[in-house]
Amino acid sequence: MEAWQQCLADIDASEMLVQSGYLLVWESASKLDDARGHADWLQEQGIETELVQGARLAMLEPELAPQLSHALYFPDACQISDPFQLCQRLAAAFQARGGRFIQQPVERLEPDQHSVTVHSNIDAFCFDQAVVCAGAWSTELLQGLGVKVPLEAERGYHLTYATESVQLNHTIGSAERRMVMSALGSGIRVVGMTEFGGLTLAPLARGFRALQHHAQGLFPALAGPDVTAKQWMGPRPTLPDSLPVIDRHPQYPSLLFTFGHQHLGLTQAAVSAQLVVSLMRHKPPAIDTQPFRVDRF
Ligand SMILES: Cc1cc2nc3c(=O)[nH]c(=O)nc-3n(C[C@H](O)[C@H](O)[C@H](O)COP(=O)(O)OP(=O)(O)OC[C@H]3O[C@@H](n4cnc5c(N)ncnc54)[C@H](O)[C@@H]3O)c2cc1C
């Protein structure tokens, strides 16, 4: 959070981090003890929540309340107002400060002791340092460079409903349906599913159908005849220990890495950037990066 606050203040985009609060909801009254148990476990980790029901729940989330039995409320939770708009703001700030954005598929990296040559299908660029941050595709770029990382593509699906007919005040997670809904600049986004399918398999229609079923189960208004949703599937870059790689190459110090942020790449992007920039500047990182070593597997 602190890293995102610093980053957004720096590019004059602080309003993109919104204290939306988060409600983890249950529809079955028989699961009240699940919520209590989860709240106790969270408290042991230093995270305070409030168990909400009835009138309090209806006040927090009026449109959803009739479907719900109870919820855990995280009042301090934040969300990004819209991830795509955030990318655009970051790219604009980077370019305004003299950065060049070149969109070409990288085919090969050729590092030596003092530089890295990045070969795309069109050009070759030589840099004093380069960072591999290509998500689930990162290990394709490491082939032949002497490091082996067991990175998997953990596929997830989302639907974005461009609708005014549903009002969401908080980010909503359904403990029973295992999906999350949030109000973004682009509409109501419903996300969920985790699936191993590699990097080339097309999205499966049943993934979108399942999300739609659960979104409409929570919000019947989303079943309206005029309500349409955009579909997306993407790979989360996941390692067996759920930690990222943030490191430099053991033999080629000009080549650095930051990938493998699994389900938390948006949450952890700003702090990861701070850590990798410290490595690039040969300054001690703010937190120990030993657990994120590239050669730990
Ligand atoms: C459905 C879903 C919901 C999610 N929700 C959240 C959430 O709420 N909060 C959260 O923190 N995280 C969330 N995540 C996880 C998050 O999206 C990822 O952790 C994050 O995108 C990883 O960021 P990245 O930059 O490492 O990789 P990516 O976002 O995958 O970006 C990698 C980029 O590299 C490019 N690339 C790859 N290979 C090459 C090449 N050879 N040459 C040039 N470019 C290349 C790709 O085109 C891509 O643009 C979600 C993921 C999914 C699938």
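This is a predicted model: local features need pLDDT of at least 70, side-chain atom pairs count only at pLDDT 80 or more; totals for chains, interfaces and linings use all residues.
The ligand is surrounded by 20 residues. V106, Q262, H263, G265 and T267 are the closest of these. By class, the shell holds 10 nonpolar residues, 9 polar residues and 1 charged residue. A polar backbone atom of V106 lies 2.8 Å from a nitrogen atom of the ligand. For H263, a polar backbone atom is likewise 2.8 Å from a ligand nitrogen atom. An oxygen atom of the ligand is 3.5 Å from a polar backbone atom of L264. Taken alone, the ligand exposes 1000 Å². The protein buries 63% of that area. Two or more residues of the shell come from each of strand 10 (152-161) and strand 14 (229-238). Strand 14 gives the most, with 4 residues.

H249 was examined next. This residue is placed in the loop between strand 15 (245-248) and strand 16 (255-259). H249 has a relative accessible area of 1%. The cut-off for a buried residue is under 20%, so H249 counts as buried. The H249 side chain reaches the backbone oxygen of L145 at 2.6 Å. The H249 side chain also reaches the backbone nitrogen of Y252, at 3.2 Å. Neighbours within four places in sequence can be set aside. H249 is then in contact with L145, V147, L255 and F257.

Strand 2 spans residues 22-26 and is mostly covered. Of its 5 residues, 4 are buried. Strand 2 is joined to strand 4 (residues 70-74) by 5 bridges. These two strands run antiparallel. Strand 2 is also joined to strand 11 (residues 171-174), here by 4 bridges. Strand 2 and strand 11 run parallel. L23 illustrates both pairings. L23 stands opposite Y73 in strand 4. In strand 11, the residue opposite L23 is I172.

Note on methods. Residues are numbered from 1 along each chain as its sequence is written. Side-chain values use heavy atoms; hydrogens and water are left out. Buried means under 20% relative accessible area, exposed over 50%, partly exposed in between (1.4 Å probe, protein chains only). A polar contact is a pair of N or O atoms within 3.5 Å; within protein, one must be able to donate a hydrogen and the other to accept it, and residues adjacent in sequence count only if both atoms are side-chain atoms. Contact means heavy atoms within 4.5 Å. A residue is near a molecule or strand if one of its heavy atoms lies within 4 Å of it. Accessible areas come from the Shrake-Rupley method with a 1.4 Å probe; for residues, only the protein chains shown count as cover. Ala, Val, Leu, Ile, Met, Phe, Trp, Tyr, Cys and Pro count as nonpolar, Asp, Glu, Lys and Arg as charged, and the others, Gly among them, as polar. Two strands pair if DSSP finds at least two bridges between them.
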